[in-house]
Amino acid sequence: MHGNVWEWVEDCYGPYDEAPTDGTTAVKGSCLAHVIRGGSSENTSRRIRLAQRAYYASEYVGRYTGFRVARTLTHAS
């Protein structure tokens with residue numbers, strides 16, 4: 001799945017030491033820039049990894065950025 005497009009995530013861009021430590025998203029204020037992760041097909045293999053991150057203004061649209069839709073499923077008993 002890595003290397004197709006950079007993936008938008010909900011986190012606002014900022015220093016790691018200011019991020020929550022409980023796994024919740026880092027959302028603060030008006031959040032002018034969001035994090036993108038994972039690299040894209042235009043990057044070298046060194047940059048195509050989940051730990052790779054960058055940021056763009058929240059309204060940025062580009063051919064090498066995308067998103068993944070996730071849904072939590074619950075088991076009906």
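This is a predicted model: local features need pLDDT of at least 70, side-chain atom pairs count only at pLDDT 80 or more; totals for chains, interfaces and linings use all residues.
Residues are numbered from 1 along each chain as its sequence is written, and side-chain values use heavy atoms, with hydrogens and water left out. Local features need pLDDT of at least 70 and side-chain atom pairs pLDDT 80 or more, while totals for chains, interfaces and linings use all residues.

Biologist: Which residue forms a disulfide with Cys 12?

Modeller: A disulfide is a pair of cysteine sulfur atoms within 2.5 Å, and that rule gives a count of 1. The sulfur atoms here are 1.9 Å apart, and the partner of Cys 12 is Cys 31.

Biologist: Is the disulfide of Cys 12 and Cys 31 left-handed or right-handed?

Modeller: Cys 12 and Cys 31 are both buried (under 20% relative accessible area, 1.4 Å probe, protein chains only). The torsion about their S-S bond is about -135°, so the disulfide is left-handed.

Biologist: What is the order of the strands in the open sheet?

Modeller: Strands are DSSP runs of at least two residues, numbered from the N terminus, and two of them pair if DSSP finds at least two bridges between them. E2 and E3 pair in the antiparallel sense over 5 bridges. The 4 strands show mixed pairing, in the order E3-E2-E1-E4.

Biologist: How many residues line the second largest pocket?

Modeller: A pocket is an open set of points on a 1 Å grid over the protein atoms alone, where a 1.4 Å probe fits, with protein on both sides within 12 Å along at least five of seven lines; lining residues have an atom within 4 Å of a point. Strands E1 and E2 each supply at least two residues of this lining. Cys 12 is among those nearest the pocket centre, and the lining residues number 16.

Terms used: Buried means under 20% relative accessible area, exposed over 50%, partly exposed in between (1.4 Å probe, protein chains only).
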